[in-house]
Amino acid sequence: AKISLVGAAAALDVLAGAAKGLRRPPKRHMWLLWEAVMPLHSSNGMLDDVTPLLSLVHRPLCLAEVAFLEGDPSCAGPLLRQLVSYWPPVAASNSSKEVLLLHELELLLEHCRPDALEDSELRELVVEKVTQCFSGDKNFRVAQRALLLFKADGVVSLLRHHQALIVPRVVPRLLAAAASHWNTTVLRMIGNALQVLDEMDPGGFEQALGGERCAEARAAVAKLCPPEDTAKLEAEAAARVGAMQ
């Protein structure tokens, strides 16, 4: 069916407000999420060379999803599955839409309960999509947005909860991307992501990976995020803050 975005943003604002006002959205209202809200992701059209149509409604769309999720945490799995199903195909080369969807994925994961990824099929679906987004041949904006997930507190909490299962899947992909990506910012962010995964539980990190792969990951962190580089970035950030004061 053809999706019209005329008036959709205003309607989503109203819907999000209504959903937040309900302690738990009645089942008879949940159809709005599946039949009215989620299909708004379906368009891969663009307003111009860099602006996807989805951007017209993305903010209120995200607010509506979060309102439903907070009211009924059990809808997390179906929400994540549907979101991934709307990812643009590679042939579409729609990196701007991918950036929006990654932002949305982070938002949903931040509002999920720790047990949301207990389903192995769902966990694999989410991990596979995120790791695809920072692979060596990926657009650097998409890769950077995917790697920002490792800085989100709620996402890190989920990673910690499922460390033994997720770390062995994610770390090899990070190391492969570090060996093949060309963008220096992406490479530094890969190092930061590896460091986050290690520091959240160093013992669990080594146990999940094994000694050899763990040493490889830590060597990559030392190479991609040398202390002098970190100090330089902090100094530059401090200088910018000082200039604004």
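1. The largest cavity is lined by 15 residues, and Val126, Val127, Val130, Val155 and Leu159 lie nearest its centre. On a 1 Å grid over the protein atoms alone, a cavity is a set of points where a 1.4 Å probe fits but cannot get out, and lining residues have an atom within 4 Å of a point. The volume of the largest cavity is about 180 Å³, where a volume is the space filled by probe spheres set on the points, with grid points joined across faces, edges and corners. A search of the whole structure finds one cavity of 30 Å³ or more.

2. This is a predicted model, in which local features need pLDDT of at least 70, side-chain atom pairs count only at pLDDT 80 or more, and totals for chains, interfaces and linings use all residues. Residues are numbered from 1 along each chain as its sequence is written, and side-chain values use heavy atoms, with hydrogens and water left out.

3. Which helices supply at least two residues each to the lining of the largest cavity? They are α6 (120-133), α8 (153-161) and α9 (163-180). The largest share, five residues, comes from α6. The lining divides into 13 nonpolar residues, one polar and one charged. Here Ala, Val, Leu, Ile, Met, Phe, Trp, Tyr, Cys and Pro count as nonpolar, Asp, Glu, Lys and Arg as charged, and the others, Gly among them, as polar.

4. The largest pocket has a volume of about 310 Å³. A pocket is an open set of grid points with protein on both sides within 12 Å along at least five of seven lines. Its lining has 16 residues, of which Pro88, Pro89, Val90, Glu98 and Lys138 lie nearest the centre. Helix α6 gives the most to this lining, with three residues. The lining of the largest pocket is made up of six nonpolar, six polar and four charged residues.

5. The chain has 13 helices and zero strands; helices (H or I, at least four residues) and strands (E, at least two) are DSSP runs, numbered from the N terminus. Of its 245 residues, 45% count as buried. Buried means under 20% relative accessible area, exposed over 50%, and partly exposed in between (1.4 Å probe, protein chains only).

6. His41 lies in the loop between α2 (27-37) and α3 (58-71). Is His41 buried or exposed? His41 counts as buried, because its relative accessibility is 0%. Its side chain makes a polar contact with the side chain of Glu65, at 3.4 Å. A polar contact is a pair of N or O atoms within 3.5 Å; within protein, one must be able to donate a hydrogen and the other to accept it, and residues adjacent in sequence count only if both atoms are side-chain atoms.

7. Ser96 is found in helix α5 (residues 95-110) and is buried, with a relative accessible area of 10%. The side chain of Ser96 reaches the backbone oxygen of Val50 at 2.8 Å. Not counting residues up to four places away in sequence, Ser96 touches Met46, Val50, Pro52 and Arg141; contact means heavy atoms within 4.5 Å.

8. The structure holds two aromatic pairs. In one of them, Phe140 and Trp182 have ring centres 5.8 Å apart and planes at 70 degrees, so the pair is edge-to-face. Rings of Phe, Tyr and Trp (its six-membered ring) pair if their centres lie within 6.5 Å; planes under 30 degrees apart count as stacked, over 60 as edge-to-face and the rest as tilted. Phe140 is partly exposed at 31%, whereas Trp182 counts as exposed at 56%.
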